[in-house]
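User: Hi, I'm new to reading structures. Can you walk me through this one?
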Amino acid sequence: MRLRSRRFFEFPFVLEILAILLAFLLGFLVLFVTGYPPLRAFSALFRGAFGSRNAFGQTLTQATPILFTSLSFLLSFRAGIFNIGIEGQLLIGAFLAAILGTAITSLPFPLHLLLALLGGGMGGALWALIPALIKTYLGAHEVITTMMMSYIASYLTSYFVNYPLKAPGWVAQTNPVRVTALLPRILPPTQLSFAFILALIFSILVFYFLFRTYLGFQVRAVGLNPLVAENRGISVPSRQILAFLLSGFVAGIGGAGEVLGVHGKFVDGFSPGYGWDGIAVSLVGRLHPLGCILASLLFGMLRAGGMTMSRVTKVPLDLSLIIQALVILLVAAPRLMQILLFRSRGR
């Protein structure tokens, strides 16, 4: 019996699924203690996430940027880099995509769209390159530099859309992106766009790169033990810079997808913290592209369903955030500690 129990827990994602169920149970108790009807609230949450075509589209729309940012964190973390500036890379990517989407007038669809997407990706990559070079040549820790770069990106984009590039009206936003640069909607009238398909494609590409290419193997080797990797002839700085660039590129594409597929313009404060969510989702998904897809769907469900739950039952939207926090606490935190302990022993 003991042997069977151990094998059961060794199945992939079993512990994560149990932790998610426990997080929902704790959320149920929080609702009950605070005087809200738990069954009615959870019913509204699931109806808001999957109860109709529109609800399902909204869930996938919410999951899309989180999937991009979780892949971004995954790429850097596999190389031993704690890139917590994904939010800034996403914002810069979104901003450049909006600029290219509005300023260029002579390109047809889909060339204009492709240029705006690539511009967004390159913007995110270049924003990640700065802390990468600082880490490599000056030795500054990436946690500090990426966080500072994220704040700079937030204030910089906010300044531009509030002053020099502000569109007429009281909302801080750029002019609308031209039609030739917009991503097609795949489930109208919802905001679900082709960005979701792009996110799935990027998941496959990230999986292929990390687990099916020699370069990806080198990146993972550097992340597992840089000293051993160096002794094996792998250039640690170059692989870490590569991981930084790829991480920023994916985050930038995620930001471009929000501008070109959902909002049609850069709106100040459009991101409720997709970069931070991506870190948690990547850890919940066990730092694997497939896990990132499943975990981003869970977080997308909580965001989309949470809005319906709040509207129907008057339960504060913060409750869905509490459930998210419980999931992170129960799944991601122990997982992160396991990884950090493993790495410290490896060194």
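Analyst: Start with a definition: helices (H or I, at least four residues) and strands (E, at least two) are DSSP runs, numbered from the N terminus. M147, for example, lies in helix α7, residues 142-162. This is a predicted model, where local features need pLDDT of at least 70, side-chain atom pairs count only at pLDDT 80 or more, and totals for chains, interfaces and linings use all residues. Residues are numbered from 1 along each chain as its sequence is written, and side-chain values use heavy atoms, with hydrogens and water left out.

User: Is M147 buried, exposed or partly exposed?
Analyst: M147 counts as partly exposed, at 25% relative accessibility. Buried means under 20% relative accessible area, exposed means over 50%, and partly exposed is in between (1.4 Å probe, protein chains only).

User: What about G27 and A97, buried or exposed?
Analyst: G27 is in helix α2 (residues 14-33) and counts as buried, at 0% relative accessibility. A97 is in helix α5 (residues 86-103). A97 also counts as buried, at 0%.

User: How far is A97 from F266 in space?
Analyst: Their C-alpha atoms are 8.6 Å apart, though 169 residues separate them in sequence. G27 and L321 are 294 residues apart along the chain, with 10.0 Å between their C-alpha atoms.

User: Which aromatic cluster is F266 in?
Analyst: F266 forms one cluster with F95, Y159, F160, Y163 and F270. The structure holds 16 aromatic pairs. Rings of Phe, Tyr and Trp (its six-membered ring) pair if their centres lie within 6.5 Å; planes under 30 degrees apart count as stacked, over 60 as edge-to-face and the rest as tilted.

User: New topic. Why does the span of α8 agree with its length?
Analyst: At 1.5 Å a residue, the 18 residues of α8 should span 26 Å, and its end C-alpha atoms are 25 Å apart, so the two agree. The expected span is 1.5 Å times one less than the number of residues.

User: Which residues of α8 are buried?
Analyst: They are A195, F196, L198, A199, F202, S203, V206, F209 and L210. They cover an arc of only 150 degrees around the axis, so they sit on the same side of α8. That arc is taken from the directions from the helix axis to the C-beta atoms. Exposed residues I204, Y208 and R212 are on the face turned away from the buried side.

User: How many cavities are there?
Analyst: The search of the whole structure finds 1 cavity of 30 Å³ or more. The largest cavity holds about 40 Å³ of space. On a 1 Å grid over the protein atoms alone, a cavity is a set of points where a 1.4 Å probe fits but cannot get out; lining residues have an atom within 4 Å of a point. Grid points are joined across faces, edges and corners, and the volume is the space filled by probe spheres set on the points.

User: Which residues line the largest cavity?
Analyst: The lining is T61, T64, Q191, L192, S193, A195, F196, E258 and V262. Helices α4 (53-78), α8 (195-212) and α11 (236-263) each give two or more residues to it.

User: Where are the cis peptide bonds?
Analyst: One joins F109 and P110, with omega about 10 degrees. Another joins P188 and P189, with omega about 5 degrees. P110 is in the loop between α5 and α6 (111-138), while P189 is in the loop between α7 and α8. Most peptide bonds are trans.

Technical notes. On a 1 Å grid over the protein atoms alone, a cavity is a set of points where a 1.4 Å probe fits but cannot get out, and a pocket is an open set with protein on both sides within 12 Å along at least five of seven lines; lining residues have an atom within 4 Å of a point.
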